[in-house]
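Student: I would like to learn how to read the features of a structure model, one at a time. Could we start with charged side chains?

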Amino acid sequence: MMQKTLIPFIDLIEESLHLSGIARFKVISNSMFPIIQKGDWIEVKKLSEEDCFHVGEIVLYRKADEFILHRIDHIDQDVYLMKGDRNKFTDPPINKSLVIGRLSKIQKFNIWLDVDKSKSIFFCLYNKKII
């Protein structure tokens with residue numbers, strides 16, 4: 001009898017990013033509420049060597065055996081402070097090398113919203129100009 005090997009979720013995301021350049025998965029926390037809610041589906045794009053980041057962008061980074069999707073709150077050369085929109089405090093500082101992807105789409109009400117084409121809306125929400 002052949003034994004099944006379970007592939008950890010983290011490995012599946014990394015493999016998907018490596019092979020296709022994107023990964024889609026369901027969000028399991030409300031740390032990015034109200035823009036991203038628990039149960040929403042998101043799409044993350046793999047980073048290229050030329051990618052640079054800006055304060056306010058939502059990125060995926062690896063922390064030990066988990067992935068965290070948070071917004072860049074502060075950049076100091078290769079050290080980033082990240083923060084969930086709903087969180088009061090920033091995460092501990094991370095090195096730029098731990099960032100593995102950038103949020104590209106969010107599924108809301110069975111419609112995929114392209115974050116890249118809607119940046120002005122997301123930045124307005126982030127700055128609480130509309131909400």
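Student: Is Arg 24 buried, exposed or partly exposed?

Tutor: The cut-offs come first: buried means under 20% relative accessible area, exposed means over 50%, and partly exposed is in between, with a 1.4 Å probe and protein chains only. Arg 24 has 42% relative accessibility, so Arg 24 counts as partly exposed. Before going on, note that this is a predicted model, in which local features need pLDDT of at least 70, side-chain atom pairs count only at pLDDT 80 or more, and totals for chains, interfaces and linings use all residues. Residues are numbered from 1 along each chain as its sequence is written, and side-chain values use heavy atoms, with hydrogens and water left out.

Student: Which residue does the side chain of Arg 24 meet in a salt bridge?

Tutor: Side chains of opposite charge can pair when their charged atoms come close. The term salt bridge is used for a side-chain nitrogen of Lys or Arg within 4 Å of a carboxyl oxygen of Asp or Glu. Here the partner of Arg 24 is Glu 43, at 2.8 Å from N to O. Arg 24 is in strand β1 and Glu 43 in strand β2, 19 residues apart, and the pair links distant parts of the chain. Strands here are DSSP runs (E, at least two residues), numbered from the N terminus. Glu 43 counts as buried because its relative accessibility is 4%.

Student: How many salt bridges does a search of the whole structure find?

Tutor: The search finds 4. One of them joins the side chains of Asp 40 and Lys 108, at 2.6 Å from N to O. Asp 40 is in the loop between β1 and β2 and Lys 108 is in strand β7, 68 residues apart, so this pair too links distant parts of the chain. Both Asp 40 and Lys 108 are buried; for Asp 40 the relative accessibility is 12%.

Student: What does Asp 40 touch, leaving out residues up to four places away in sequence?

Tutor: A contact requires heavy atoms within 4.5 Å. On that basis Asp 40 touches Phe 25, Lys 26, Val 27, Ile 35, Ile 106, Gln 107 and Lys 108.

Student: Where do Asp 85 and Arg 71 lie?

Tutor: Asp 85 lies in the loop between β5 and β6 (94-95) and Arg 71 in strand β4, so their pairing ties together parts that are 14 residues apart in sequence. Their side chains form a salt bridge of 2.9 Å, N to O. Asp 85 counts as buried at 16% relative accessibility, and so does Arg 71 at 2%.

Student: Now the nonpolar side. Which residues touch the most other members of the largest nonpolar core?

Tutor: A nonpolar core is a set of buried Ala, Val, Leu, Ile, Met, Phe, Trp, Tyr and Cys residues joined through side-chain atoms within 4.5 Å. The largest one has 16 residues, and those touching the most other members are Phe 25, Ile 36, Ile 42, Leu 60, Leu 69, Leu 103 and Ile 106. At least two residues of this core come from each of β1 (22-26), β2 (41-46), β3 (58-63), β4 (66-76) and β7 (99-108). A second, separate core has 10 residues, including Tyr 80, Met 82, Ile 94 and Val 99.

Student: Is Ser 104 buried or exposed?

Tutor: Ser 104 is buried, with a relative accessible area of 2%. Ser 104 is placed in strand β7. Not counting residues up to four places away in sequence, Ser 104 touches Glu 43, Val 44, Lys 45, Leu 113, Asp 114, Val 115 and Asp 116.

Student: What about Leu 113?

Tutor: Leu 113 is in strand β8 and is partly exposed, with a relative accessible area of 35%. Beyond its neighbours within four places in sequence, Leu 113 is in contact with Ser 104, Lys 105, Ile 106 and Lys 108.

Student: Which residues does a cis peptide bond join?

Tutor: Most residues other than glycine have a negative phi, and most peptide bonds are trans. In this model a cis bond joins Phe 33 and Pro 34, with omega about 15 degrees. Pro 34 lies in the loop between β1 and β2.

Student: And where should I look for positive phi?

Tutor: Gln 77 has a phi near 60 degrees and is found in the loop between β4 and β5 (79-83). Gln 77 counts as exposed, at 70% relative accessibility. Phe 109 has a positive phi of about 50 degrees although it is not a glycine. Phe 109 is in the loop between β7 and β8 (111-114) and is exposed, with a relative accessible area of 79%.

Note on methods
Helix = DSSP H or I, 4+ residues; strand = E, 2+ residues; numbered from the N terminus.
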